[in-house]
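Please open the model in your viewer and keep the sequence beside it. The tour below moves from one selection to the next and says what is found at each stop.

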Amino acid sequence: MSIKILYKSLLMPAVAFALAACAGNTPCPTTDAAPQASAGDVPADTQAVPQGNTPAGESAASVGKPTSESPSEQQAVFVSNTLDSYRLASPDTIPASPRKEHAADNVVQNTPIPVMSDVLDPYTAFPAFVSRVFAHADSLYAQGLTDSASAYLQRFRIIKPLWATWEAQADSMLNEFGKTRAEKAKAFEPYVLTIQNMNRVQAAYSMVKETADSLIALAPGDSLVNWANGQMQVAYKNTIAKAKKEYASIKALADDLAQFKEAAQKANELQMRYRDFEKELQIQALIDYIAGLIAANDEEATKYWQSHDPAQALAKADTLIKASKFAEAKDILNKLKSSNLRKEASEKYQELANTFCNAQRKATSQIFAKAQKQKDAAKKKKLLQDAIEPLDKCLTEYPEYAQKQKVVDNKSFLEKELAK
């Protein structure tokens, strides 16, 4: 077999072979005698071995003189040297040699080669190989085999020309890959622009998702797939925010303006448009809430305010509250909850409830003070029962009182006192 054929068949695995041959379980020559060329190898005086720093005691066959060979011939020689080194490094050719006491500290470990998804990762694999080369050189040096360590590192240094060749090939492949990606990008550009425009105008999530799914189905590559998924998330957040804003306006239409029928219609439309977001928005709960408001506000009350001024009625209710005419004020405010001043009526209703319930709590406090002074157990029990009655009036008359928990707590305290 000619040198050129040998070069073509063994060039690609040669580097890994040279680096790994002595770093793993396969031992290297432990003698300082330089390897001799076999009958079928290239003569030693034609080998392209770098000069400089030649260790004393090495033979001329170990480090030859530089020649004017072409790069192809030099690479062929490198392959031949690699095979020769491996043959000389077989267990049968290595004589036993004593190790220095600290040599055990330099034993090369069988470090597994890093892989990513069953594919060799060059970013971590090459540094691992190099570390093992240096570790083996240190091991030889620690054993006093200075010539062998130097020759081993010289073989490592001649990889440098090959590295330039690999870089050039990588650049060529990256250029080709880039052209292919650019051509594909043109096909995907309409989808990208469409999705960007949709999110710019905050289009519905369903529309953006449909277009993004179409782009992903074309297998555009990881970067565009990730981008499309990100755009779907943007559309999702935009849609949720828009739906919540509509939800709030519909609820305000019912709560503040008493436009129950219009609010109910809009709530049903909202549910149809955002049926995929029921879990997040709870639109059905809003529909049920508005239905309850419609049931609580009869048609007659709504018609009443078509011929009466809600503003005047609200002012009258305020005057009645100040005069402690709570029942009359409550009646007017309940009617106003069917007018376009429903929000103001609800706020005034809370003011009424607070005034009434505070008066009842004050009455309870006065009765409780009398009970505490009472020595007779039966009379004290009767006073405690009387003290609870004003609190019950508050809870009964104004079940929607915002601060009714205070009243409930006062009642619980009195019931515990009564049980003693």
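A nonpolar core is here a set of buried Ala, Val, Leu, Ile, Met, Phe, Trp, Tyr and Cys residues joined through side-chain atoms within 4.5 Å, and buried means under 20% relative accessible area. Keep in mind throughout that this is a predicted model.

If you display contacts between residues at least 6 apart in sequence, 65% of them join residues at least 24 apart.

Next, select Ile 250, Tyr 274 and Ile 290, which touch the most other members of the largest nonpolar core, a set of 31 residues. To see where this core draws its residues from, colour helices H5 (160-200), H6 (205-217), H7 (222-255), H8 (260-273) and H10 (283-296), the elements that each give two or more residues to it. Which of these helices gives the most to the core? It is H7, with nine residues.

Now centre on Tyr 274 and hide its neighbours within four places in sequence; the residues that remain in contact with Tyr 274 are Thr 239, Lys 242, Ala 243, Glu 246, Leu 281 and Ile 283. From there, move to a second, separate core of 29 residues, whose members include Trp 305, Leu 314, Phe 326 and Ala 371.

Return to helix H6 and select Thr 211, which has its place in that helix. Is Thr 211 buried or exposed? With a relative accessible area of 14%, Thr 211 is buried, and, leaving out residues up to four places away in sequence, Thr 211 touches Tyr 191, Thr 194, Ile 195 and Met 198.

For the last stop, show helix H15 (residues 377-397) together with helix H16 (residues 404-419), whose axes come within 10 Å and cross at roughly 160 degrees. Angles over 145 degrees count as roughly antiparallel, and H15 and H16 are therefore roughly antiparallel to each other. The crossing in which H15 passes H16 is left-handed. To display the contact itself, select Lys 381, Leu 384, Gln 385, Ala 387, Ile 388, Leu 391, Asp 392, Cys 394 and Leu 395 on H15, and Lys 404, Val 407, Val 408, Asn 410, Lys 411, Leu 414, Glu 415, Glu 417 and Leu 418 on H16. Coloured by residue class, the contact of H15 with H16 divides into ten nonpolar, two polar and six charged residues.

Terms used. Residues numbered from 1 in each chain as written. Predicted model: local features only at pLDDT ≥ 70, side-chain atom pairs only at ≥ 80, totals over all residues. Heavy atoms only, no water. Axes fitted to C-alpha atoms, helices over the stretch in contact; angles between N-to-C directions. Helix = DSSP H or I, 4+ residues; strand = E, 2+ residues; numbered from the N terminus. Parallel < 35°, antiparallel > 145°, perpendicular 65-115°, else oblique. Left-handed = near helix turned anticlockwise from the far one by under 90°. Contact = heavy atoms within 4.5 Å. Nonpolar A, V, L, I, M, F, W, Y, C, P; charged D, E, K, R; others polar. Buried < 20%, exposed > 50% of the residue type's maximum accessible area, 1.4 Å probe, protein only.
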